[in-house]
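Let's look at how charged side chains pair up in a protein. Have the structure open beside you as you read.

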Amino acid sequence: MKIALMDSGIGLLAAAAAMRRLRPDVDLVLSSDPDGMPWGPRTPADLAGRALGVARAAAALRPDALIIACNTATVHALPAIRADLEPGIPVIGTVPAIKPAAAAGGRVAIWATPATTGSPYQRGLIHDFAAGAHVTEVPCPGLADAVEAGDADAVAAAVAAAAALTPADVTDVVLGCTHYELVEPAVRAALAERTAGAELVYHGSAEPVAVQALRRIGAAPDPGAAATGTLTVLLSGSEGGLPAAALGYAEGRLLAGEGAAAGSR
């Protein structure tokens, strides 16, 4: 069984690590676009074109499914990628976990990129799935870029700025960009200080999207499976290794360590 994941950069690490924990026997293909990143500032048409190229590079390795592990690419490129690859390869997009966060009717903060915050896309999700909750949209300028660069000081500054915009009585926090899940410990620490140590519930997309990908191909989680899965890294279509910044995160170290042990290439 082979699962591919794609993103402009290392935001795919969270979903890839979740998949590895759920199925240690799955071969993983990580396809990113260091030559074209970041995708966020691009026009929708340009972004969709770059994303389609990254998807096709992954598809050439004949995966059983492809996860678009990027919220922005899901918005702008999911239809084009599905039209190109399905039904041969199921394509799974990534949606911010607004619905489960709002289910309890609490006070929800959605951390997202400035481009996503207040966008018709996010407002539509809030309208459709969070009508019974009090929702605050929190823009996080520079956070995804800082995570991508592995710049701990910039991450700390961006997290602190976003925490200051988060209501102190919040109950649930949606990490609305896949990069943010890589620095969840820093987010938790900043908000614990902001909310006087209140126990908040955090909602990411990594594990749900991994479970959905398995479901689409008729498989199920099996964390006890033999750790035989391999790791293939594609960088703008060419085979390579995990970027140095990836090894600064627990998810990247998990993939690099067990990938090497299991026949990484």
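A salt bridge is a side-chain nitrogen of Lys or Arg within 4 Å of a carboxyl oxygen of Asp or Glu. This is a predicted model, where local features need pLDDT of at least 70 and side-chain atom pairs count only at pLDDT 80 or more, while totals for chains, interfaces and linings use all residues. Residues are numbered from 1 along each chain as its sequence is written, and side-chain values use heavy atoms, leaving out hydrogens and water.

Q: How many salt bridges does a search of the whole structure find?
A: Side chains of opposite charge can pair when their charged atoms come close. Searching the whole structure for such pairs gives a total of nine.

Q: Is E137 buried or exposed?
A: Buried means under 20% relative accessible area, exposed over 50%, and partly exposed in between, using a 1.4 Å probe and protein chains only. E137 has 19% relative accessibility, so E137 counts as buried.

Q: Which residue is linked with R82 and E86 in a network of salt bridges?
A: E86 and R82 form a salt bridge, their closest N and O atoms being 3.8 Å apart. The network that links R82 and E86 also includes R216.
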